[in-house]
Amino acid sequence: MTSSGAAARDPGASRPQDGREGALMSIGEVLAHLRTEFPDTTISKLRFLEAEGLVDPQRTASGYRKYSWNDVARLRFVLTAQRDQYLPLRVIREQLDRMEKEPVVPQRPTLVAVGTQRATDPADTRIPKADLVERTGVDEVLLAELEQIGLVSARPPGWYDADQVIIVEAVVGLTRYGLEVRHLRAFRNAADREVGLFTQLLAPLARQQDPAARARAVETARELQALSQRLHAALVRSGLRGELGR
């Protein structure tokens with residue numbers, strides 16, 4: 001079992017060792033605990049995760065939320081999986097459900113420092129051209145062609161983000177099998193069509209000023225990307241299987 005999985009089930013090591021293990025916390029106190037590791041977390045985000053069934057805090061007679069340390073561990077697991085693995089909530093929920101069904105090992109797991117190495121958003125990464133070339137093995141002529149057809153784009157004054165690195169690595173791999181730059185235009189065009197379609201689906205949420213709606217928009221975008229990748233992979237797999245007579 002991974003340490004993050006253990007934390008979601010038994011956050012024992014993360015509890016304050018001052019006799020308050022059974023204490024319940026308000027949503028503001030939970031936010032204060034989580035923001036040290038997840039500074040972008042908001043109360044709206046916590047309410048959204050509750051609405052999505054990722055956590056189920058107790059309620060007082062007056063309707064106020066009260067969180068246990070186990071609830072905090074579940075939230076930390078969810079936020080870590082989103083930040084470090086870009087997993088959609090549906091997948092994270094399935095992982096949590098599976099972990100709850102596993103037999104509990106009769107020992108106290110050492111956990112909760114999940115996600116100690118923070119992952120940055122791919123768009124925030126800045127990689128100079130020389131590093132991109134060295135990391136991917138792309139030659140500068142091919143890189144220039146990719147930029148010319150819009151498959152790769154640099155940000156002034158010449159930085160590349162993490163997604164551009166992934167694109168170049170994939171292109172370099174494909175060209176080793178004989179694909180040429182002219183063949184790659186189809187990938188760019190298909191991606192642009194998908195972006196246009198998904199933008200229409202997300203527009204009603206993106207236009208709202210409510211932070212919860214914006215959180216739903218981000219999560220919906222993540223879900224759409226994951227479903228699109230699965231669909232594309234399955235279609236290519238199925239097509240190749242037919243061509244190979246399998």
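1. Start with the largest nonpolar core, which has 26 residues. Val 30, Leu 34, Leu 46, Leu 49, Leu 75 and Ile 92 touch the most other members. Helix H2 (27-35), helix H3 (43-51), H4 and helix H5 (89-101) each supply at least two residues of this core. H4 gives the most, with seven residues. Keep in mind that this is a predicted model.

2. Look next at Leu 46, one of the core residues named above. Leaving out residues up to four places away in sequence, Leu 46 touches Ile 27, Val 30, Leu 31, Leu 34, Thr 41, Tyr 67 and Leu 75. Another core lies apart from the largest one. This other core has 16 residues, among them Leu 142, Leu 143, Val 172 and Val 181. In soluble globular proteins, nonpolar side chains tend to be buried together.

3. Now step back to the whole protein chain. The chain has 10 helices and four strands. Along the sequence, they follow the pattern α-α-α-β-β-α-α-β-α-α-β-α-α-α. Of the 246 residues, 36% are buried. The accessible surface comes to about 15200 Å², and 53% of that surface belongs to carbon and sulfur atoms.

4. Contacts also reach across the sequence. Take the contacts between residues at least 6 apart in sequence: 67% of them join residues at least 24 apart.

5. Val 133 lies in helix H6 (residues 129-136). Not counting residues up to four places away in sequence, Val 133 touches Val 138, Glu 140 and Leu 143. Leu 143 is also among the members of the 16-residue core.

6. Is Arg 83 buried or exposed? Its relative accessible area is 12%, which is under the 20% cut-off, so Arg 83 counts as buried. Arg 83 is found in helix H4 (residues 69-85). A polar atom of the Arg 83 side chain lies 3.4 Å from the backbone oxygen of Glu 37. That distance falls within the 3.5 Å limit for a polar contact.

7. Finish on the surface. Which residues form a nonpolar patch there? They are Val 236, Leu 240 and Leu 244, with about 290 Å² of accessible area together. Leu 240 is found in helix H10 (residues 211-243). Its relative accessibility is 48%, which lies between 20% and 50%, so Leu 240 counts as partly exposed.

Methods: Residues are numbered from 1 along each chain as its sequence is written. This is a predicted model: local features need pLDDT of at least 70, side-chain atom pairs count only at pLDDT 80 or more; totals for chains, interfaces and linings use all residues. Side-chain values use heavy atoms; hydrogens and water are left out. Buried means under 20% relative accessible area, exposed over 50%, partly exposed in between (1.4 Å probe, protein chains only). A polar contact is a pair of N or O atoms within 3.5 Å; within protein, one must be able to donate a hydrogen and the other to accept it, and residues adjacent in sequence count only if both atoms are side-chain atoms. Patches are made of residues with over 30% relative accessible area and no salt bridge: like charges are joined within 9 Å, nonpolar side chains (Val, Leu, Ile, Met, Phe, Trp, Tyr) within 5 Å. Accessible areas come from the Shrake-Rupley method with a 1.4 Å probe; for residues, only the protein chains shown count as cover. A salt bridge is a side-chain nitrogen of Lys or Arg within 4 Å of a carboxyl oxygen of Asp or Glu. Contact means heavy atoms within 4.5 Å. A nonpolar core is a set of buried Ala, Val, Leu, Ile, Met, Phe, Trp, Tyr and Cys residues joined through side-chain atoms within 4.5 Å.
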